[in-house]
Amino acid sequence: MRVSVQLDDFDIGQELDLFRNGKSNTGAIVSFQGIVRNNSENSLLNMDIEQYPGMTQKAISKYVTTAVERWSLNDALVIHRHGKLFPGDQIMMVATAAIHRHDAFQSAEFLMDYLKSRAPFWKKEITKKGYHWVESVFDDEKALERW
Amino acid sequence: MIKVLYFAWVRERIGVPYEMLETQSGTVMELVEELKQKEERYKVAFSDLSALKVAVDQELCEFDAELNGALEVAFFPPMTGG
């Protein structure tokens, strides 16, 4: 398993090729790609993602370990960017490898739900009118209950 | 000495990303009360604790968590990753 918290962009195709490599006992890989979405007025100039250096890597690794154990995964990968990002940019990716697709899908959703409201990242949106911190959504918190 | 860190709008309201403090507080809550007594900017930042989360030594916890020997306490709004 690998967790990377980074400023730089990544090549999701290359990451998935590397991830698949040598996994002859894997029957299913699920991947998710998170993108910077413009707001409804199309006024987003850029996003600034702040993180808690030290805690971020540790917190994500903890959830990845939980997912690997719970769904008997062969492997898992999380890449999450921070810093200045623009509409259309990739923010993050998750990939999970399992024997069967059910475990791969479930564990990828689990990781997504936990990254959303338990990984120490904070998004600031800069628009033409100024900036604001993105507020957490009640539904995101609620999503954790099903796990 | 304990390192107290602030993130996102909490950092902006308090005006520094972190500070080193000498404290006798036994719990996170006591530390919050101590800070609120210090200056107005802390009172503003900590006015609604339900809007805040806290981590002690980089582990999420509740406000009644004990500090005994902790090296680091961080205050921040709910996370918005993913």
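Tutor: In this predicted model, the second largest pocket holds about 180 Å³ of space. Its lining has 14 residues, and those closest to the centre are Glu135(A), Trp9(B), Ala51(B), Pro77(B) and Pro78(B). Two elements give two or more residues each to this lining: S7 of chain A and H1 of chain B. Sorted by class, the lining residues of this pocket are 8 nonpolar, 3 polar and 3 charged.

Now to the contact between the chains. Chain B brings 22 residues to it and chain A brings 27. Together they bury about 2,000 Å², and carbon and sulfur atoms give 54% of that area. There are 3 salt bridges between chain B and chain A; in one salt bridge, the side chains of Glu59(B) and Lys62(A) meet at 3.6 Å, N to O. Polar contacts join 14 residue pairs across the two chains, counting pairs with both residues at pLDDT 80 or more. On the chain B side, the elements giving two or more residues are strands S1 (2-6), S3 (53-56), S4 (59-61) and S5 (72-76), along with helix H1 (8-14). H1(B) gives the most to that side, with 4 residues. By class, the side of chain B that touches chain A comprises 12 nonpolar, 4 polar and 6 charged residues.

For your notes, the largest pocket has a volume of about 490 Å³. Of its 24 lining residues, Arg37(A), Met47(A), Lys116(A), Lys123(A) and Val134(A) are the closest to its centre. Strand S7 (121-127) of chain A is among the elements that give two or more residues to that lining.

Terms used. Residues numbered from 1 in each chain as written. Chains lettered and ligands numbered in written order. Predicted model: local features only at pLDDT ≥ 70, side-chain atom pairs only at ≥ 80, totals over all residues. Heavy atoms only, no water. Contact = heavy atoms within 4.5 Å. Buried area = accessible area lost by both parts, 1.4 Å probe. Salt bridge = Lys/Arg side-chain N within 4 Å of Asp/Glu carboxyl O. Polar contact = N/O pair within 3.5 Å; in protein donor to acceptor, adjacent residues only side chain to side chain. Nonpolar A, V, L, I, M, F, W, Y, C, P; charged D, E, K, R; others polar. 1 Å grid on protein atoms, 1.4 Å probe; cavity = no way out; pocket = protein on both sides within 12 Å on 5 of 7 lines; lining within 4 Å. Points joined across faces, edges and corners; volume = space filled by probe spheres on them.
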